[in-house]
Number of protein chains: 2
Amino acid sequence: MALKQGDKIGILGGGQLAQLLIKAANKLGLKTLVFDPNEDSPAFNIATEFICEPFSNQKALESFSKKSDIVTYEFENIPLATIDIITPHCKVSPNREALKIGQNRLLEKAFINQLGINTARYSQISSKKELLEFCKLTASKSIIKTTTSGYDGKGQVVIEPGKINTAAIEIIENTECIVEEFQEFHSEASIIASRGESGSVLTYDSGANLHKDGILINTTVPSKLPKELEIEMALIAGKILNNLDYIGVMGIEFFVTSQGLILNEFAPRVHNSGHWTLDGCLINQFEQHIRAISGWPLGSTNRHSNIVMTNIIGEKITTDIKENQSIYSYGKKEIRAGRKMGHINTIHE
Amino acid sequence: MALKQGDKIGILGGGQLAQLLIKAANKLGLKTLVFDPNEDSPAFNIATEFICEPFSNQKALESFSKKSDIVTYEFENIPLATIDIITPHCKVSPNREALKIGQNRLLEKAFINQLGINTARYSQISSKKELLEFCKLTASKSIIKTTTSGYDGKGQVVIEPGKINTAAIEIIENTECIVEEFQEFHSEASIIASRGESGSVLTYDSGANLHKDGILINTTVPSKLPKELEIEMALIAGKILNNLDYIGVMGIEFFVTSQGLILNEFAPRVHNSGHWTLDGCLINQFEQHIRAISGWPLGSTNRHSNIVMTNIIGEKITTDIKENQSIYSYGKKEIRAGRKMGHINTIHE
């Protein structure tokens, strides 16, 4: 059943992605209810309602689910236990399985490989000994990542061949981790895919991403990748979404290497590297997600403009913008190093 | 001085135009405070704050002005006395003169003619005798309009040649009116113009409008008008905005006749016939207005898509939309005949 005017979407997480989902929902005549433990959540200001409680508060979650006509999330690090409290009362989209896989690097890579899609060589790791064994197999750098809870480069340690540092030992002894072979890539690219209730999959054009210290700096469309890689990405996206019986928008990141595409990770949610769609397409990724989870028809993903999306990280938003620039402020009060304060979409020829 | 992050824009009027202005302000990191006497104002739900008081409440208006860093309006029928209460405390953009002229058909036509721009032949009228005299001068139909407070065809009576009806007599004897020669037009067109603090004027492409009973049904871009008429409209817009030292967005409506362009009216605000810009340009008319009144640089008005904007009038908003359609719900609770509930932008080749 499709949501109708005035129905309410529950959103777990109240950051800038929730904020942009709320705007899309509002445009379509839908109400929103945001749940986030952080009282400074930027999405609270524009949500129809909000609940500021821990993700473990069963009573608050039950009330949240009963008030919502559908529940979604802006962030993959939502505890599965939270979802399990909600499920008896309200449908969650994307589904639990997608979230479970998307929040755990080990499950994610196993799932991806099982679909016949390439990932970096990796291994679960919990001791220095295991790390040494893995490093023997590869001549290149390795990268240790926490199995869960990582984002924006948090929880990652790079190790040079044969040089296991203290940071590496510390992280593997204290947290569940995996180690991956570091990819010497030509470029990084991502694709934003969407799947509606009818099972139809639509993808946006791929974007070329530049990261620094694990944080996305900018995304450029068109990505200028060869057409066959663009098609391969779309087919991979279709495979993943269909296999998960996924409803909503997903961001999928790739390394483009001399051996072809290597899938880095996917996020079962709207994605920073899809912010260009806000000014590049009739229906942007946020509205697409809302249309999908609401049972509405998906919108066109055709791109009408060439765009460079640049994140504003850890600095003030100024009025010093050009005619061909569209700026998005997340309205965050406190500026912190590495904190995403907004982004700018710049049109180029 | 340009507004900075977190500064507050006061908006007089809380309808759908205010709603769309609020979304633009929010995107730019600006807060909003809406003032409207109607407790069901659709903009109240998403404004940072709102005040629900009559436009004559001096105390409430003073508080409103002191809290605002700039004041604007979504509707030209704001009493000038309201502006006069605000002015000592806060700047109002567009300025009082533009509002004064824009809300009075007599002043408007005199101003337009004095700039050498064509309007329909018209006369102020307050008796049956004056009406008869005017009708003698023209072989075509005439149209009586209230001098002030008209919108969406409200306060208008058409009279056939030589047939003065009761409705006509009633309106001229009870309200200040003007009578105009009815224009036999090929088409109706409008242009959305903007002027920033630097004095630069930017116009969007003209749209072809279809009205029914005085209410806009749809707008099509491109309008397919000859290029010389498109340029003439832009030049007329520049003349008006510069002459008024106007800051903000203005909608200007024309009749396209065999004698050339006839200016019908202008609205000193964002305009229904500019809703296509929401999906046709990088910077839409609402954000352009906010950028202008906030002292930010204007944005590009280049059009990237062909669009038909269709109003949803007096009916329910359904999920029955196509891939190439972007829908805007104003979230109004009550559906009434002639009430604008939302609009749809449809992309076409």
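**View 1. The loop that holds B:Asp213, between strand 11 and strand 12 of chain B.** Strand 11 of chain B spans residues 207-212. In this predicted model, B:Asp213 has a positive phi of about 50 degrees. B:Asp213 is not a glycine. B:Asp213 has 10 C-beta neighbours inside 10 Å, and therefore counts as exposed.

**View 2. A:Asp245 in the loop between helix 8 and strand 13 of chain A.** Helix 8 of chain A covers 227-243. Strand 13 of chain A covers 248-257. The phi of A:Asp245 is positive, about 50 degrees, although the residue is not a glycine. A:Asp245 is classed as exposed because 12 C-beta neighbours lie inside 10 Å. The cut-off for exposed is 12 or fewer.

**View 3. A cis peptide bond between B:Val221 and B:Pro222.** B:Pro222 sits in the loop between strand 12 and helix 8 of chain B. Strand 12 of chain B runs over 215-221. Helix 8 of chain B runs over 227-243.

**View 4. A cis peptide bond from A:Ser93 to A:Pro94.** Here omega is near -10 degrees. A:Pro94 belongs to the loop between helix 3 and helix 4 of chain A. Helix 3 of chain A takes in 80-86, and helix 4 of chain A takes in 96-102.

**View 5. The domains of chain A.** Chain A is divided into three parts: domain 1 (8-92), domain 2 (121-181) and domain 3 (187-348). Between the C-alpha centres of domain 2 and domain 3 of chain A, the distance is 28 Å.

**View 6. The contact between chain A and chain B.** On the chain A side, 30 residues are in contact with 30 residues of chain B. Two elements of chain A give two or more residues to the side that touches chain B: helix 1 (16-27) and strand 16 (325-329). Strand 16 of chain A supplies the largest share of that side, 4 residues. By class, the side of chain A that touches chain B has 13 nonpolar, 12 polar and 5 charged residues.

**View 7. Chain A superposed on chain B.** A rotation of 180 degrees, with 0.0 Å of shift along its axis, brings chain A onto chain B. The RMSD is 0.0 Å. This is therefore the relation of a two-fold axis. The same surface serves both copies. Of the contact residues of chain A, 100% recur in chain B.

How values were computed. Residues numbered from 1 in each chain as written. Chains lettered and ligands numbered in written order. Predicted model: local features only at pLDDT ≥ 70, side-chain atom pairs only at ≥ 80, totals over all residues. Least-squares fit on C-alpha atoms with pLDDT ≥ 70 in both. Contact = placed C-beta atoms within 7 Å. Domains from an automatic or database assignment. Nonpolar A, V, L, I, M, F, W, Y, C, P; charged D, E, K, R; others polar. Buried ≥ 20, exposed ≤ 12 C-beta atoms within 10 Å, placed from the backbone.
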